[in-house]
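Hi,

Here is the structure I promised to pass on.

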Amino acid sequence: MKPTVAILHTLALGLATPAFAKHEPVTMVRLHQEAEVIAPPASVWIFMTTGKNFVTWCPEWKSSRNAAINLGRVGDSVEFTDAWGNGGRSVVTYLAKDKELRVAHEPTKGDYVCQAKFVLTPTARGTMVRYWDQYTDESPPKDQEATAAKVEAEMTTTLAALKKAVEKK
């Protein structure tokens, strides 16, 4: 090879070398709560997935634009605003009618990952609603604890509001 061709060949090989990804562990927080609703799973499901009801039971989905949206298939989405003022959209990632609803909250800033899952199980008196919320948190430990407490309180409020609204119908 001529010297200039050899140099170009070496440079081309160097450019073709893959870059290495930077690995950083990130804390994933997972919270779980449950509540029994005195109504059949089908009634709980209809209430949970009907847009006009979101403002009643789910504080994150309080946008008036969501009232016209019913969650019926994977890919359906609604706007969300969390307790810290982050906005974005919640996208249905899994749905089994009358049984399970999963959503991924996609923040506009894209600076964290958050998912929620609701599982409905028939009981002798109605429906056990199991609720998981998981999110990444890169804050210092003290702030992580405060965030988890705030999310846990919001989960309690959400389940209580769902229970009250469905049982009232």
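**What I found**

Let's start at Thr136, which lies in strand β6 (helices, H or I with at least four residues, and strands, E with at least two, are DSSP runs numbered from the N terminus). Before going on, a word on the ground rules: residues are numbered from 1 along each chain as its sequence is written, and side-chain values use heavy atoms, with hydrogens and water left out. This is a predicted model, so local features need pLDDT of at least 70 and side-chain atom pairs count only at pLDDT 80 or more, while totals for chains, interfaces and linings use all residues.

Back to Thr136: this residue is buried, with a relative accessible area of 17% (buried is under 20% relative accessible area, exposed is over 50%, and partly exposed is in between, using a 1.4 Å probe and protein chains only). What does Thr136 touch, leaving aside its neighbours within four places in sequence? Its contacts are Val26, Thr27, Met28, Tyr112 and Val113, where contact means heavy atoms within 4.5 Å.

The predictor gives each residue a confidence called pLDDT, from 0 to 100. The protein's mean is 91, and 89% of its residues reach 70 or more. Confidence is lowest in helix α1 (residues 3-16), with a mean of 59, and highest in α2, at 98.

**The aromatic rings**

A pair of aromatic rings is described by the distance of the centres and the angle of the planes. Rings of Phe, Tyr and Trp (its six-membered ring) pair if their centres lie within 6.5 Å; planes under 30 degrees apart are stacked, over 60 edge-to-face, and the rest tilted. By that rule the structure holds four aromatic pairs. Take Trp57 and Phe118: the ring centres are 5.5 Å apart and the planes are at 80 degrees, so this pair is edge-to-face. The pair links distant parts of the chain, with Trp57 in helix α3 and Phe118 in strand β5 (residues 114-122), 61 residues apart. Trp57 is buried at 1% relative accessibility, and Phe118 is buried at 4%.

Phe118 also pairs with Tyr131, this time stacked, at 4.3 Å centre to centre and 20 degrees between the planes. That pair, too, links distant parts of the chain: Phe118 in strand β5 and Tyr131 in strand β6 are 13 residues apart. Tyr131 is buried, like Phe118. Ring pairs join Phe54, Trp57, Trp61, Phe118 and Tyr131 into a cluster.

**Charges**

Side chains of opposite charge can pair when their charged atoms come close. How many salt bridges does a search of the whole structure find? It finds nine, counting a side-chain nitrogen of Lys or Arg within 4 Å of a carboxyl oxygen of Asp or Glu. Here are three of them:

- Arg65 and Glu79 meet through their side chains at 3.2 Å, N to O. The pair links distant parts of the chain: Arg65 is in the loop between α3 (51-57) and β2 (77-81), and Glu79 is in strand β2, 14 residues apart. Arg65 is exposed at 59% relative accessible area, while Glu79 is partly exposed at 31%.
- Glu100 bridges to Arg102, with the closest N and O atoms 2.6 Å apart. Glu100 is buried at 14%, and Arg102 is partly exposed at 32%.
- Asp98 bridges to Lys97, with the closest N and O atoms 3.7 Å apart. Lys97 is exposed at 57%.

**Helix α4**

Helix α4 (residues 141-168) has 28 residues and spans 40 Å from first C-alpha to last, close to the 40 Å expected at 1.5 Å a residue (the expected span is 1.5 Å times one less than the number of residues). Its buried residues include Gln144, Ala148, Val151, Met155, Leu159 and Leu162. The buried residues of α4 pack against β1 (27-37), α2 (41-49), α3 and β6 (127-137).

Cheers
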